[in-house]
Amino acid sequence: MPKCLIALGSNLGNRQHHLDEAVKQLLAHENIRFLARSRPITTNPVGGPTGQDRFLNEVVMIETDRTPESLLECAQQVEHLLGRVRNQRWGARTIDIDLLMVDQMIVHNSLLQLPHPRMIYRRFVLQPATEVAPQLEHPLLGWSLSRLLDNLNSPVNYLAFTGSDANRTQQFAHTVAEQLDLNLLTDAQNATLHQAGQTLARWLEFLDHRHELVASQTGKTREQFTVADFWTNEVLAACRMDLSAPELQIFQQRWNELKPKITQPKLLIYLTTPNSDRHAKQQSSLPNTDRVMTREARFSAELDKIVSKPAPCPVLRMHADDPRTIEELAAVIECLNSNTHPAN
């Protein structure tokens, strides 16, 4: 049967009792078999209203042949039974139950997203998850859970933004840095990325420029995050649209030489826009022979190839026009800066 990871948290009342009771009630459902349970850890609340008590968090691994939707229904029934009230986003709660992974399934609908999109940067999830399933592979990234946790523990406090709309991405990164009071790393040559018809020599220069820019800036301030309005790997995506096959082979050789030295961000924010989402849906509905892709859409397609499994770094997709995105990113930074402690 498929193996499933489930995260549990509580910061109201008798936290340990709520966690124990949640596990008990989950296992009371048919076709759910217990495999492992992590030790509880104590964590500070992230996002939401101030003045909340600290959380007790843990992860349980089970086996089940239930569908993900059926498993979600079981979890929500247990939350209701234990008095979970959803009247404020990220508010205090008696119990919080999140489906992290159901085997290697990828689900994206109005009810459920699998794997859980936020698990890749949440230490309070990854630490207990790694305890019970360190080698379990993230189905989108191709990274083990232990590697994802190691990434959180790395000293590189560097967040990069990318997206098909270069101008929008740059503006958004600047807004995030200003509103969240973060260091900003900007590339004055950003416009070069989307200038068609550039030579191989120019692309090689641009690659070296971005590599040197990141290397010279990241790691200087380890306590405060640096936000970059670009991602070095974008150069590889963009030049694929202009270079001939022999030229691309030369560029790829240089890329392979430089790749081990390139500092990847702790987390890549992949921004999407309504235009890019709408165009992708329109193109996917057409036969291959009828698809006409703009340069922006082609660039997005190349980016998708680069971030596909195995990804060079953890990737979080976000909507640039969602009014909650800045709030989400504030929580992301808080998670990346957070520590956990063994429960007393």
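1. The protein has 11 helices and 13 strands, where helices (H or I, at least four residues) and strands (E, at least two) are DSSP runs numbered from the N terminus. Its radius of gyration is 22 Å, close to the 20 Å that the globule rule gives for 344 residues, so the protein is as compact as a globular protein of that length. Here the radius is taken over C-alpha atoms, and the rule is 2.2 Å times the number of residues to the power 0.38.

2. A word on the basis: this is a predicted model, in which local features need pLDDT of at least 70 and side-chain atom pairs count only at pLDDT 80 or more, while totals for chains, interfaces and linings use all residues. Residues are numbered from 1 along each chain as its sequence is written, and side-chain values use heavy atoms, with hydrogens and water left out.

3. Along the principal axes, the C-alpha atoms fill a box of roughly 65 × 50 × 35 Å. Buried residues (under 20% relative accessible area, 1.4 Å probe, protein chains only) make up 51% of the 344 residues. Of the contacts (heavy atoms within 4.5 Å) between residues at least 6 apart in sequence, 75% join residues at least 24 apart.

4. Strand 1 (residues 3-10) is worth a look: seven of its eight residues are buried. Strand 1 runs antiparallel to strand 4 (residues 55-64), joined by eight bridges; pairing requires at least two DSSP bridges between the strands. Leu 5 has Met 61 as its bridge partner in strand 4. Strand 1 also pairs with strand 5 (residues 96-102), again in the antiparallel sense, over six bridges, and there Gly 9 stands opposite Asp 96.

5. Helix 4 (residues 145-153) has Leu 145, Ser 146, Leu 148, Leu 149, Asn 151 and Leu 152 buried. Their cover includes strand 1, strand 5, helix 3 (123-132) and helix 11 (325-337).

6. What lines the second largest pocket? It has 13 lining residues, with Asn 233, Trp 255, Lys 259, Gln 264 and Pro 312 nearest its centre. Helix 8 (residues 245-258) gives the largest share of the lining, three residues. A pocket here is an open set of points on a 1 Å grid over the protein atoms alone, where a 1.4 Å probe fits, with protein on both sides within 12 Å along at least five of seven lines; lining residues have an atom within 4 Å of a point.

7. The volume of the second largest pocket is about 210 Å³, counted as the space filled by probe spheres set on the points.

Notes:
Buried < 20%, exposed > 50% of the residue type's maximum accessible area, 1.4 Å probe, protein only.
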